[in-house]
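Subject: Structure for you to look at

Hi,

Here is the structure I promised to pass on. Please open it alongside this note, and my findings follow below.

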Amino acid sequence: MASPVSVYNSNALDTHIPSIPRESQKMELLANVSLLPGEDRIIDKDIIYICPFNEAVKGKVLITNYRLYFKSSDADLAVTLDVPLGAISRVEKMGGASSRGENSYGLDITCKDMRNLRFALKQEGHSRRDIFELLFKHAFPLSHGLPLFAYVNQEKYSGKGWSIYNPVEEFRRQGLPNNKWRFTFINESYDLCDTYPTVLAVPFKSTEEDLRRVSAFRSRGRIPVLSWIHRENQSVIVRCSQPLVGMSGKRNKDDERYLDLIREANDTPKLTIYDARPSVNAVANKATGGGYEGDEYSNAELVFLDIQNIHVMRESLKKLKDIVYPNVEESHWLSSLESTHWLEHVKLVLSGAIQVADKVSNGNSVVVHCSDGWDRTAQLTSLAMLMLDCHYRTLRGFQVLIEKEWISFGHKFSSRIGHGDKNHADQDRSPIFVQFIDCVWQMTKQFPTAFEFNETLLLTILDHLYSCRFGTFLYNCESAREQHGVRSKTESLWSMVNHKIERYQNPFYTLDSGRVLYPVASMRHLELWVAYYIRWNPRVRQQQSPVEQRYKELLALRDEYLKKLEQLALSDSTSSHLANSPSPHTSSPSQQLTHLHTPF
């Protein structure tokens with residue numbers, strides 16, 4: 001198997017940048033940069049990094065078609081930056097040719113991952129023109145007619161990430177189809193709804209014509225479809241978009257009957273409809289043709305969950321970034337954090353998911369929607385499923401959950417993240433998926449033994465949400481991914497994760513199949529995720545748990561013993577060939593290893 005990372009060879013340097021002499025000592029700074037297969041050097045340059053935590057640092061910057069890499073030339077002050085270009089939101093020129101003051105001329109780079117970078121260059125001879133143009137071009141490839149790096153990346157892994165999720169297999173794991181729910185392939189060509197997947201689970205009694213009529217009355221054609229079914233009580237989580245009620249209060253008998261079929265599937269007395277929006281927003285949406293289910297849905301109750309929209313979440317995270325980067329607001333930390341409202345939003349999302357999970361756990365079917373059913377709806381359904389179903393708390397199951405509820409059901413990753421797009425002020429950008437991963441992290445803190453995966457997996461997912469190294473989070477929906485050949489032309493993030501699975505495993509995981517997790521969604525129990533939001537500040541270092549550290553040491557020790565046992569087994573096999581009589585008590589290194597237990 002080809003190595004997933006190819007080390008940069010200095011012999012190749014002259015073919016890329018012939019103007020830089022080989023004997024240059026500064027050249028050696030970048031000689032050992034490990035490049036990915038398919039990653040090409042674009043330009044390197046002497047530069048000064050305006051480090052917010054130290055003084056200005058001299059060094060060299062390398063721009064490739066995947067990353068910005070900086071290394072300091074001062075041996076006493078070792079500073080390295082390795083930033084995927086996909087994580088860059090904005091590149092601006094700082095100062096002009098006539099700017100005065102030290103280091104006032106250069107580049108100002110805003111990143112999507114909670115940091116900003118500033119570099120200074122010499123003012124004479126338009127020294128920043130080439131690096132600015134090349135960085136701008138490769139940081140925003142789609143705006144310049146270039147492919148995203150995922151299409152150029154030549155990494156190959158043994159783990160088959162694209163086969164992790166199969167909708168029919170996942171529904172069968174849940175016990176479907178049955179006499180109440182069936183599969184439909186009405187959306188096979190994305191004709192019913194271009195942002196839904198091709199395989200849908202719908203009430204057994206509904207006809208294809210019913211589905212078409214309901215589609216006409218739901219925003220973007222996103223009809224109510226099953227996300228998850230409770231094996232014992234047969235209650236379900238159904239997701240959709242808002243009904244197109246409008247100012248005139250339109251009714252649709254087909255939609256009303258269809259929701260009643262969902263209710264009847266497990267004889268729920270009253271179907272609970274969770275509208276993620278604040279009621280004021282839901283009413284306001286009537287003016288644009290949307291709305292919510294009114295009294296005409298006689299066998300249903302409507303509950304508003306008061307979760308704010310994408311614009312509020314975007315501004316909230318911006319405020320959070322202001323108080324944590326570059327310096328943490330120490331003097332009024334608690335009031336500053338409170339003023340961002342970030343944890344308050346996390347609390348409301350978790351609280352809504354708890355209500356959904358509790359209702360389903362008690363045998364009542366629910367319908368979840370927001371406006372279009374691809375932001376807050378995905379947060380609520382996936383978190384509720386994580387609480388209800390221990391399968392999604394495994395490493396593989398969590399990958400399936402993201403593929404199913406976020407990727408296949410059309411969360412607009414491209415619009416919310418802005419992959420390869422220079423339009424940083426786009427109002428569609430919002431950290432909805434980041435907020436979901438934050439909620440998952442909050443749950444792992446409250447239930448440290450319930451999840452097979454660790455914090456490293458969550459950080460890795462968020463890093464590659466932006467990086468464009470893999471095809472997993474590209475584009476807005478399944479039909480767009482199919483159109484752009486994502487599965488055939490790019491690698492999946494899960495291939496890399498499953499290639500080195502032990503890196504992402506939680507050593508304290510204990511399987512508890514029947515347990516429903518109810519996290520405490522109270523401000524007293526929620527924490528700011530320091531390891532993500534403040535990880536770029538070298539003065540804020542999270543200390544690793546001593547038990548976790550000891551566990552890693554024991555794993556390293558185990559690997560060492562395993563190698564020794566293999567060597568012994570090799571020498572033993574040579575001896576036994578000579579003796580021609582293998583001992584009946586000889587065991588393999590892995591069998592011997594099972595006797596090495598370390599109690600915590």
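Let me begin with a strand pair: strand 7 and strand 8 (residues 106-111) run antiparallel and are joined by six bridges. Helices and strands here are DSSP runs (H or I of at least four residues for helices, E of at least two for strands), numbered from the N terminus, and two strands count as paired if DSSP finds at least two bridges between them. Within this pairing, lysine 93 stands opposite leucine 107 of strand 8.

Before I go on, a word on the basis: this is a predicted model, where local features need pLDDT of at least 70 and side-chain atom pairs count only at pLDDT 80 or more, while totals for chains, interfaces and linings use all residues. Residues are numbered from 1 along each chain as its sequence is written, and side-chain values use heavy atoms, with hydrogens and water left out.

Tyrosine 49 is in strand 3 (residues 41-50) and phenylalanine 119 in strand 9 (residues 116-120), so their pairing ties together parts 70 residues apart in sequence. Their ring centres are 5.5 Å apart with the planes at 40°, so the pair is tilted. For reference, rings of Phe, Tyr and Trp (its six-membered ring) pair if their centres lie within 6.5 Å; planes under 30 degrees apart count as stacked, over 60 as edge-to-face and the rest as tilted. Both tyrosine 49 and phenylalanine 119 are buried (under 20% relative accessible area; exposed is over 50%, partly exposed in between, with a 1.4 Å probe and protein chains only).

The whole structure has 24 aromatic pairs. Another of them, phenylalanine 136 with phenylalanine 140, is edge-to-face, at 5.1 Å centre to centre and 70° between the planes. Phenylalanine 140 is buried, with a relative accessible area of 1%. There is also an aromatic cluster whose members include Phe398, Trp406, Phe433 and Phe473.

Leaving aside residues up to four places away in sequence, leucine 320 touches Met114, Leu337, Thr340, Trp342, Leu528 and Tyr533, where a contact means heavy atoms within 4.5 Å.

The 20 residues of helix 9 should span 28 Å at 1.5 Å a residue, and its end C-alpha atoms are 29 Å apart, which agrees; the expected span is 1.5 Å times one less than the number of residues. Among its buried residues are Trp342, Val346, Val349 and Ala353. Just after helix 9, glycine 363 takes a positive phi of about 95°.

In helix 11 (residues 395-408), 13 of the 14 residues are buried, so it is largely enclosed by the rest of the structure. Glycine 410 follows helix 11, with a positive phi near 80°.

Backbone points to check

- The peptide bond from leucine 176 to proline 177 is cis, with omega near 0°.
- Tyrosine 325 and proline 326 are also joined by a cis peptide bond, with omega about 0°.
- Aspartate 267, not a glycine, has a positive phi of about 55°; it is exposed, with a relative accessible area of 64%.
- Cysteine 468, again not a glycine, has a positive phi of about 65°, but is buried, with a relative accessible area of 5%.
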